[in-house]
Amino acid sequence: MSSTASSTAAPMPLVARGARPLAGRVRVPGDKSISHRALILGALSVGRTTVTGLLEGEDVLATGKAMSLLGATVARTGPGAWTVDGVGVGGFAAPPETLDFGNAGTGSRLVMGAVAGCPVTAMFDGDASLRRRPMRRILDPLVKMGATVLQAAEGDRLPIMLAGARDPLPIVYATPVPSAQVKSAVLLAGLSAPGETVVIESEATRDHTEKMLLHFGATVTVVPEGAHGRRITLKGQPELHGATVVVPADPSSAAFPLVAALLVPGSDIVLETVMTNPLRTGLITTLREMGAAIEEVDAREDGGEAMADLRVRFSELSGVEVPPERAPAMIDEYPVLAVAAAFARGTTVMRGLKELRVKESDRLAATADLLRVNGVTVTLDGDDMIVEGFGGKGRPPGGGTVATHMDHRIAMSALVMGLATETPVAVDDAAFIATSFPGFVETMRGLGADIG
Ligand code: S3P
């Protein structure tokens, strides 16, 4: 069983009420994807990695604990400041206990890849939400590379006992689903294989693993593949050297105060140092198409990642059609986009959302329910979601209690909605917000939101 706080604590209901204009500057916590990767690549390097701005949410802390159980030395030296003394590529030791990833799909799947390239056996587990999520997509390529699944629950789900390969094989792998987690697991396993490991994706997904591998000293080449895809080639058995990683603010967390400022009349806020990697900014592109006033100020780069301060002001939004090929660049942002769509003038159509069904919850169903319980008309048509907006006619009524299904992003999206609906919006359990955005409620209150 999981030992993480959110899965064992009593449910934490919360209510968000109509807010006065939001104002001020905030920096949301560090990017979750980059934080996981910094700890994992630090552990697979020789020498010391220094990380600043690490997201100290439950998901990332679980990855940090897994890295120490696998033999790295992971230490916190200050708020968001961590060091990792690594064991080198292929150097993991057999962990003395189960690696418990709590709620974290990214942590569990990336570490499976890293373990698959080492001659050790590890038991992987997580909370009830993670135990429901598909792992076959990760195990398939890792087995091709020489790993062995010694034990798995029905449907190839957690808990899973994985034996890494003694002599990992490089593979050429076309990912069957657009998933940065699958791509990253193959590349991490490929570190220990001789020759070249190649991942081909038909739709480009977030490229933090590729960028960070380069930053730690690996040789990685990326070329376009088809209309929207990429072919990534990693030269195996590099010596990775400890590096300095500065983690920018997470655009997927910034999305919540950002949409709140767009919806609450009179708001004007600045979100500091938000990562603006184009494979993560589909939400900003879409909101701008809807008429949102989002301004990038002081654009800059660090460690290969682009970032900027974002000034966001209240805006009258209009419905748009979001094309399916944009989904990978905003896959975690659909719940909060759907909330924005409920306030927009006209209809918003979001296409190609199949992957939302296998997130921390069935996010497609949970998002539709979130809106419906607050008086919004939503249609699910296969993998598409269609939201009828109240713009020009008033505001969505609100007044519902949203079932969050152990899903942090459903909880935060519902609370953002309640800041602008006619009547308050409640959530049944806000505890899981701590997996990705510790301090969410305090941050929102600091901007003037009424959440309690
Ligand atoms: C992530 C990839 C995405 C995303 C998740 C983080 C990553 O998942 O939803 O929150 O850091 O690689 P998929 O790769 O399954 O789409």
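Start with the largest pocket, which holds about 570 Å³ of space. Bear in mind that this is a predicted model.

Stop 1: Now highlight helix 2 (32-43), helix 4 (105-116) and helix 7 (180-190). Each of these helices gives two or more residues to the lining of the largest pocket.

Stop 2: Colour the lining of the largest pocket by residue class. You will get 17 charged residues, 10 nonpolar and nine polar.

**Stop 3: the two domains.** Colour residues 6-30 plus 248-451 as domain 1, and residues 32-246 as domain 2. Go back to the largest pocket with these colours on. Both domain 1 and domain 2 supply at least three residues to its lining.

Then select the residues where the domains touch. On the domain 1 side there are 31 residues in contact, and they meet 31 residues of domain 2.

**Stop 4: the second largest pocket.** Which residues lie nearest the centre of the second largest pocket? Select L263, F314, E316, F343 and G394 to see them. They belong to a lining of 15 residues. The volume of the second largest pocket is about 200 Å³. Colour its lining by class as before. Nine residues are nonpolar, four are polar and two are charged.

**Stop 5: the whole chain.** Zoom out and switch to a cartoon. The protein chain carries 14 helices and 24 strands. Its radius of gyration is 21 Å, close to the 22 Å that the globule rule gives for 452 residues, so the chain is as compact as a globular protein of that length. The C-alpha atoms of the protein chain fill a box of roughly 65 × 45 × 45 Å.

Stop 6: Colour by relative accessible area. Buried residues account for 61% of the 452 residues in the protein chain.

How values were computed:
Residues are numbered from 1 along each chain as its sequence is written. This is a predicted model: local features need pLDDT of at least 70, side-chain atom pairs count only at pLDDT 80 or more; totals for chains, interfaces and linings use all residues. Side-chain values use heavy atoms; hydrogens and water are left out. On a 1 Å grid over the protein atoms alone, a cavity is a set of points where a 1.4 Å probe fits but cannot get out, and a pocket is an open set with protein on both sides within 12 Å along at least five of seven lines; lining residues have an atom within 4 Å of a point. Grid points are joined across faces, edges and corners, and a volume is the space filled by probe spheres set on the points. Helices (H or I, at least four residues) and strands (E, at least two) are DSSP runs, numbered from the N terminus. Ala, Val, Leu, Ile, Met, Phe, Trp, Tyr, Cys and Pro count as nonpolar, Asp, Glu, Lys and Arg as charged, and the others, Gly among them, as polar. Domain bounds come from an automatic or database domain assignment. The radius of gyration is taken over C-alpha atoms; the globule rule is 2.2 Å times the number of residues to the power 0.38. Buried means under 20% relative accessible area, exposed over 50%, partly exposed in between (1.4 Å probe, protein chains only). Contact means heavy atoms within 4.5 Å.
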